[in-house]
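Trainee: I would like a close look at a single part of this model, together with whatever surrounds it. Could you walk me through it once we both have it in view?

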Amino acid sequence: MIPLIVIALLILGAWAFASTAKKSDSVSACKDVDLVELKLEKFRVWVNVNYRQKFYDLLSYIVMNCPEVKRIDSFNCARIPGYNTWSYHSYGLAIDVNPTQFPMVSDVSKSYGIPDWFLDLAVYAQAIGFTWGGTWREPWDPMHFQIGKREPVRL
Ligand SMILES: [Zn+2]
C-alpha cells in the first residue's frame, strides 16, 4: 500500500508541475522579445526594437496632429481575447490608441463611427507600413495598429 504522504506529494507535484508549465508557456512567448522604450511627450510605450523607427514615426504623428489621443497601450504579454493565439502586443509589434474610445468589437457589423482625425491617423499609419485593425472584419479593432499584414495574427 502506498503511504498517504506519497500520494499527497504526487498530487502536489502534479499540481506544481501543471502550474509551472502554464507559467513558462506564458513567459516563453514574450521572453525573447527585445523591447525598447519610446517616450514622446506624455506617451511612453514599449515596442519591438526592430521596429522602433516606425513606432517613433507613428507616435510623432500622434503628438503633432492628434491632441485627442489620451492613451496608448503597447507591450502586453497576452493572448488575443477570444482567440487561442498570442497577440502582436506580446511581441511589441502593436499599439492601441485610445482603447476606451475605440474598443474592439467581435465583427464589423458592430462597428461604430470613427471621427475624421482618427481616420487620418489610420491613413498615415498604413502609409508607413502599419496594418490597421479597423480594416478587419472579425474582429473589428479600430484602436489597434500593428506591424505585419495579417489579421488576428497566428504566430
Ligand atoms: Zn491591440
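Trainee: What percentage of the contacts in the protein chain with a separation of 6 or more comes from residues 24 or more positions apart? And on what does helix 3 pack?

Mentor: Happy to. This is a predicted model, in which local features need pLDDT of at least 70 and side-chain atom pairs count only at pLDDT 80 or more, while totals for chains, interfaces and linings use all residues. Residues are numbered from 1 along each chain as its sequence is written.

To your opening question: residues 24 or more positions apart make up 57% of the contacts in the protein chain with a separation of 6 or more, a contact being two residues whose C-beta atoms, placed from the backbone, lie within 7 Å. The protein chain has three helices and six strands, counted as DSSP runs (H or I of at least four residues for helices, E of at least two for strands) and numbered from the N terminus. Along the sequence they follow the pattern α-β-β-α-β-β-α-β-β. Of the 155 residues of the protein chain, 25% are buried, where buried stands for 20 or more other C-beta atoms within 10 Å of a residue's own, exposed for 12 or fewer, and partly exposed for values in between, with C-beta atoms placed from the backbone.

Four strands form an open sheet in the order 3-4-6-5, with antiparallel pairing; strands count as paired if DSSP finds at least two bridges between them. At the edges are strand 3 (72–73) and strand 5 (130–132), each pairing on one side only. Strand 5 runs antiparallel to strand 6 (residues 144–147) and is joined to it by three bridges. Within that pair, tryptophan 132 stands opposite phenylalanine 145, and threonine 131 has glutamine 146 as its bridge partner. Strand 4 (residues 94–97) is also antiparallel to strand 6, again through three bridges, and here isoleucine 95 has phenylalanine 145 as its bridge partner. Strand 6 is covered on both faces: His144 and Gln146 are buried on one side, Phe145 and Ile147 on the other.

Now to your part. Helix 3 (residues 116–127) packs on the sheet, where it touches strand 5 and strand 6, and its direction makes about 140° with that of strand 5; axes here are lines fitted to C-alpha atoms, for helices over the stretch in contact, and angles between N-to-C directions run from 0 to 180 degrees. Its twelve residues reach 16 Å from first C-alpha to last, close to the 16 Å expected at 1.5 Å a residue (the expected span being 1.5 Å times one less than the number of residues).

Which residues of helix 3 are buried? They are Phe118, Leu121 and Ala125. These residues are on the same side of helix 3 because they cover an arc of only 55° around the axis, the arc being that of the directions from the helix axis to the C-beta atoms. In general, an α-helix has 3.6 residues a turn, so residues three or four places apart point the same way. The buried residues pack against helix 2 (52–65), strand 5 and strand 6. On the face turned away from this buried side, helix 3 carries the exposed residues Asp116, Val123 and Ala127. After helix 3 comes glycine 129, with a positive phi near 110°.

Beyond its neighbours within four places in sequence, valine 45 contacts Leu38, Phe55, Leu59, Ile72, Ser74 and Ile95.

Two loop details on either side of helix 3 complete the tour. In the loop between strand 4 and helix 3 lies asparagine 98, whose phi is near 45°, a positive value in a residue other than glycine. Asparagine 98 counts as partly exposed because it has 17 C-beta neighbours inside 10 Å. Between strand 5 and strand 6, the loop holds proline 139, which a cis peptide bond joins to glutamate 138, with omega about 0°.
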